[in-house]
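Hi there,

Here is the structure I promised to pass on.

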Amino acid sequence: LNDIEKGFEALRNGEFILVYDNDDREGEVDMIIASEFVTPESVATMRDNAGGLICNCIHHDFCESLGIPFMTDIMNAATDKYPVLATLAPNDIPYDERSSFSFWVNHRDSFTGITDHDRAMTIRELALLCKDGKFDEFGEKFRSPGHVCLLRGAEDSVKNRQGHTEIGLAMCEMAGVTPVCVVCEMMDSETNKATSFEKAKKYAEENNLVILKGDDIINKYLEEF
Ligand code: 5RP
Ligand code: CA
Ligand code: CA
Ligand code: ZN
């Protein structure tokens, strides 16, 4: 198996893959896992060994079915009543044109929502709801605001935007798992910066994980779809 195929295997087995986006973009390595397999232990691993924001990426088509907008669309719609929102427009992101952020949710069976147990439930149950096509149960099962940030995958995936959001979802699609995945940036407590590719590679080797580059995933996806 080549590394990308090992990545598909890992996702199907509920294991992490590491993905570096690009020198021309964030230059960050995210830990990525298919949300349908997330456990409290997976959340603990991301807290301890990645330390970035734990986000649930939702495929564009699922977002359409669930009615999940971009946060910027919510802000734009609310500017008449809250003019400050217009002044906060994210029109100066230094590495991309658009953010994939949507709103935050907790599963309604959560207590505070932040524990490994609660976040894993929120992440996994939303993936399973999508997998089962039970879109009309979204509001019955989840509340907002919450402690898991939802990221809305761009329409046409990596053809349209090349963030970890789309790259992770493209990996899920190619691996044949439900296209809902968690991303969490690897942060370096020694430098207080993003973990370098080299350091992340060392972590991957020590923990028997594959580390992939965004461009390789994007090219593979463009070949297939
Ligand atoms: C959420 C982020 C991360 O960068 C994450 O990788 C998703 O964003 P993007 O698709 O822009 O890479 O900001 O914590
Ligand atoms: Ca980011
Ligand atoms: Ca709290
Ligand atoms: Zn990213």
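Below is what I found, starting with how to read the notes.

This is a predicted model, in which local features need pLDDT of at least 70, side-chain atom pairs count only at pLDDT 80 or more, and totals for chains, interfaces and linings use all residues. Residues are numbered from 1 along each chain as its sequence is written, while chains are lettered from A and ligands numbered from 1 in the order in which they are written.

**Two helices**

Helix α1 covers residues 3–12 and helix α8 covers residues 164–175; they pack at about 85 degrees, with axes 9 Å apart. Helices here are DSSP runs of H or I with at least four residues, strands are runs of E with at least two, and both are numbered from the N terminus. Axes are lines fitted to C-alpha atoms, for helices over the stretch in contact, and angles run from 0 to 180 degrees between N-to-C directions. The pair is therefore roughly perpendicular (65 to 115 degrees; under 35 is roughly parallel, over 145 roughly antiparallel, and the rest oblique).

On the α1 side, G7, F8, L11 and R12 meet M171, C172, M174 and A175 of α8. A contact means that the C-beta atoms of two residues, placed from the backbone, lie within 7 Å. By class, the residues of this contact are six nonpolar, one polar and one charged. Nonpolar covers Ala, Val, Leu, Ile, Met, Phe, Trp, Tyr, Cys and Pro, charged covers Asp, Glu, Lys and Arg, and the others, Gly among them, are polar.

R12 is partly exposed, with 14 other C-beta atoms within 10 Å (buried is 20 or more such atoms, exposed 12 or fewer, partly exposed in between, with C-beta atoms placed from the backbone). Beyond four places in sequence, R12 touches A175, G176 and V177.

**Around the ligand**

Ligand 1 has 14 residues around it, of which L53, G163, H164, T165 and V183 come nearest; a residue counts as near if its C-beta atom, placed from the backbone, lies within 6 Å. The elements giving two or more residues to this shell are α8 and β6 (180–185). Its classes are four nonpolar, five polar and five charged.

Also in α8 is E166, which is buried, with 28 other C-beta atoms within 10 Å. Apart from neighbours within four places in sequence, E166 is in contact with G153, A154, S157, V158 and R161.

**The core**

The largest nonpolar core has 57 residues, and those touching the most other members are I17, V19, M31, I32, M171, C181 and V182. Such a core is a set of buried Ala, Val, Leu, Ile, Met, Phe, Trp, Tyr and Cys residues joined through C-beta atoms within 7 Å. Leaving out residues up to four places away in sequence, V182 touches I32, I33, S35, V38, I54, C55, N56 and I123.

**Backbone points to check**

S144 and P145 are joined by a cis peptide bond, with omega about 5 degrees, and P145 sits in strand β5 (residues 142–152). D156 is not a glycine, yet has a positive phi of about 65 degrees; it lies in the loop between β5 and α8 and is exposed, with 11 other C-beta atoms within 10 Å. N208, also not a glycine, has a positive phi of about 60 degrees.

Best wishes
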